[in-house]
Amino acid sequence: MAADQRLQALEAFDGTKAGVKGLVDAGVTAVPSIFHHQPDDRHRNFTVPVIDLSSLMSSNRASLVAQVRAAAETVGFFQVVNHGVPKSAMSAILASVRSFIEEPVEAKAPYYTRDSGRSVRYQSNFDLFTSPAANWRDSLFMEMAPEQPAPEEIPAACRSTAPEYAGLVQQQLGHTLLELFSEALGLRRGYLEEEHGCLDGLSVAGHYYPACPEPHLTLGTTCHSDCNFLTVLLQDAVGGLQVLVKDEEGKQSAWADVPPVEGALVVNVGDFLQLMSNDRFKSVEHRVVANTVGPRVSVACFFRTHRAASSARVLAPIVTDGGARYRSTTMEELVRQHYRVKGLHGTSSLDHFRL
């Protein structure tokens, strides 16, 4: 498709404010070309670790820290169970995100925006006009900390569930995870939270992946790493999340499934934490494949400094042995580099800061 034709197609799609859900409701039987991705069918069997946090306060804490360390230093992903976030809150936030996305277009339209300055944004593909191909997904973004949006800014379907769920993930599970990551680096429990403000900011993204008529032609979410400290993901039972893992020799990479586990939350290391850990922890690329089954609904909590403070917050490697592998940088600069190279396979935003 010529560039001008592609732009016209993108503008027409965006102008409906109906998202991918609107295409499916209209009965589309073929995936439009603006959603076409290059196929990547590399696959391998790999089991992402499942860590039981119920032993947190027992004498087994050292074993728990070792499990977190092993996962963070290899695949950068793990799932946690018995994490303290009630299943009722998890079910409620998934249901409320689905309820909002499935509302009539005219009800959702007031929230549809590409203004990144708004605390609450409903849209299909935040990078629609800059990415090589669009994703088969609609999203609701909410900046929940350090300041929550006014209640009337949040869609009615999520007005009570989103603040409750965000608070549980941030103040309970987030606090616990940062303690474990600190200890895994050989530091005191409160180091990452107290010295580096890793718990200060939280963004919540509710993603809705409609059933796709031709899933082999597109992706739900393209290959990427997360530009933050860490991510906590709640996924429903549909599945589709994959992580890029290397073989036993560390040479060839392929996609491994992260299957839904009843009651579990998925945790992954972000770019900020890889830099701060001086490469001990790995921020690994991942994606979501499209599916004939759907919708798939997920809710991601991103731990990152609020936009206004990111220009002044400096990231620097924590050097425990050897030398620094990265130069210091601001969060704002790292985020800019992240989006500059996004979509370029085999290229990490962290490479720009490597010494």
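**Ser-225 and its setting in the chain**

The side chains of Ser-225 and Asp-271 are joined by a polar contact of 3.1 Å (a pair of N or O atoms within 3.5 Å; within protein, one must be able to donate a hydrogen and the other to accept it, and residues adjacent in sequence count only if both atoms are side-chain atoms). The model is predicted, so local features need pLDDT of at least 70 and side-chain atom pairs pLDDT 80 or more, while totals for chains, interfaces and linings use all residues. Residues are numbered from 1 along each chain as its sequence is written, and side-chain values use heavy atoms, without hydrogens and water.

Ser-225 lies in the loop between strand 6 (219–224) and strand 7 (230–235). Strands (E, at least two residues) and helices (H or I, at least four) are DSSP runs, numbered from the N terminus. Ser-225 counts as buried because its relative accessibility is 13%, the limit being under 20% (1.4 Å probe, protein chains only). Beyond neighbours within four places in sequence, Ser-225 is in contact with Asp-271, Ser-283, Val-284, Glu-285, His-286 and His-338. Contact means heavy atoms within 4.5 Å.

The chain holds 10 helices and 14 strands. Of its 355 residues, 53% count as buried. Among contacts with a separation of 6 or more, 77% link residues 24 or more positions apart. The C-alpha trace spans about 55 × 45 × 40 Å along its principal axes. The chain exposes about 15200 Å², and carbon and sulfur atoms supply 51% of this area (Shrake-Rupley method, 1.4 Å probe).

Note on methods
Buried means under 20% relative accessible area, exposed over 50%, partly exposed in between (1.4 Å probe, protein chains only).
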